[in-house]
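This briefing walks through one protein chain, from its overall make-up to a few single residues. Keep the sequence and the 3D view open while reading.

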Amino acid sequence: MTELIPVTIITGFLGSGKTTLLKRILQGDHGYRIAVIENEFAAESIDHGLLVQDSSEQIVEMNNGCICCSVRGDLIRILGELQAKREAGTIAFDHVIIETTGLAAPGPVAQTFFAEPSVSEFYMLDAILTVIDARHAQQQLTMHKEAQEQVGFADRLLLSKTDLISKTELAALRQRLIAINCRASMQKVSFGNVPLRDILNIRGFNLNAIVELEPDFLGELGHRHGDGVQSFVYHQAHAFDLLQVENFLDAVVQLIGTQLMRYKGILNIADTPCRAVFQGVHMLMGSELGAPWRDGETRASKMIFIGRDLPQDMLIRGLDRCVAVAGAASAVNRVAA
């Protein structure tokens with residue numbers, strides 16, 4: 001079986017520092033051969049080391065061996081062309097980075113890797129990185145739903161320009177970001193400088209990786225913001241009935257799938273020696289068996305839901321009714337909104 005090519009999506013609102021981060025990655029001594037796909041073509045926005053641009057092709061050689069493609073057409077077609085040229089030996093790359101426009105939500109791009117067989121056959125969505133302009137984020141999150149959705153879809157939140165705000169302002173911003181997305185890790189980034197091991201090949205979006213959901217930073221979230229995008233965590237100590245939980249989650253996707261942005265969980269299924277892993281994007285959901293439960297390990301379910309105007313009470317009540325033992329639906333739930 002051919003090893004899938006990991007894909008990283010870089011998103012963030014206008015002026016957040018996406019291109020600065022991209023330049024940092026392309027100039028880094030990481031050993032990867034990287035293909036870059038952009039929503040809009042602008043040579044200056046990628047790297048000052050561009051050497052040539054062939055108007056008849058969408059491939060531009062760069063001085064560090066990376067390749068840049070401008071998305072003038074359809075993403076699926078571009079990914080297909082890249083793979084065809086890779087197989088033909090005309091180009092060589094082992095990682096793809098997609099930089100979205102500042103006003104775009106990354107959801108449709110992420111869905112491509114779930115819904116399109118010609119893409120999922122060769123590519124794997126590794127992670128979504130969202131760059132946050134700490135100086136202007138509060139205003140952007142209040143005024144633009146795209147900014148909220150960029151945070152909601154993220155596997156990593158990278159805070160830029162933190163030197164331009166006070167410690168109190170930074171703490172308030174962190175609190176707000178956690179309320180929107182309680183599963184994404186968060187770290188500062190200065191002029192694109194961030195350890196590449198923290199952002200490349202991290203398997204943040206990979207169903208084959210058993211992601212331990214440990215949102216220990218939830219705690220006290222302070223006052224609530226009026227953001228439409230929010231997250232909450234569901235914990236269940238009792239085993240689920242497989243058929244009931246599958247039917248319920250299928251119904252949830254049909255009912256509020258357009259409101260769900262990201263959802264991921266590790267489930268304890270009755271009479272099953274392995275944990276079940278599920279995740280989804282909007283209407284697309286997948287699941288598979290993960291690693292076996294270890295002897296003496298506490299078997300419990302954890303689920304994270306991120307979306308817009310989510311009916312938390314309905315989700316909690318419905319999942320509680322899916323436990324395998326009647327009357328044992330006393331879930332231990334922690335909710336962040």
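This is a predicted model: local features need pLDDT of at least 70, side-chain atom pairs count only at pLDDT 80 or more; totals for chains, interfaces and linings use all residues.

Residues are numbered from 1 along each chain as its sequence is written, and side-chain values use heavy atoms, with hydrogens and water left out.

**The whole chain**

- The chain has nine helices and 13 strands; helices (H or I, at least four residues) and strands (E, at least two) are DSSP runs, numbered from the N terminus.
- Of the 337 residues in the chain, 53% are buried, where buried means under 20% relative accessible area, exposed means over 50%, and partly exposed is in between (1.4 Å probe, protein chains only).
- The chain exposes about 15,100 Å², and carbon and sulfur atoms supply 52% of that area; accessible areas come from the Shrake-Rupley method with a 1.4 Å probe, and for residues only the protein chains shown count as cover.
- Among contacts between residues at least 6 apart in sequence, 76% join residues at least 24 apart; contact means heavy atoms within 4.5 Å.

- Thr130 lies in strand β6 and is buried, because its relative accessibility is 0%.
- A polar atom of the Thr130 side chain lies 2.7 Å from the backbone oxygen of Gln150; a polar contact is a pair of N or O atoms within 3.5 Å, where within protein one must be able to donate a hydrogen and the other to accept it, and residues adjacent in sequence count only if both atoms are side-chain atoms.
- Not counting residues up to four places away in sequence, Thr130 touches several residues, among them Thr11, Gly12, Gln150 and Val151.
- Ile9 is 121 residues from Thr130 along the chain, and their C-alpha atoms are separated by 8.3 Å.
- Helix α6 is mostly covered, with six of its eight residues buried; Gln150 and Val151 are among the buried ones.

- Where is Asp155 placed? Asp155 is in the loop between α6 (145–152) and β7 (156–160).
- Asp155 counts as buried because its relative accessible area is 2%.
- The side chain of Asp155 reaches the backbone nitrogen of Ile128 at 2.8 Å.
- Leaving aside neighbours within four places in sequence, the contacts of Asp155 include Ala127, Ile128, Arg183 and Arg262.

**Tyr263 in strand β10**

- Tyr263 is in strand β10 (residues 260–267) and is buried, since its relative accessible area is 2%.
- The backbone oxygen of Leu284 lies 3.3 Å from a polar atom of the Tyr263 side chain.
- Beyond its neighbours within four places in sequence, Tyr263 is in contact with residues including Val253, Phe278, Leu284 and Phe305.
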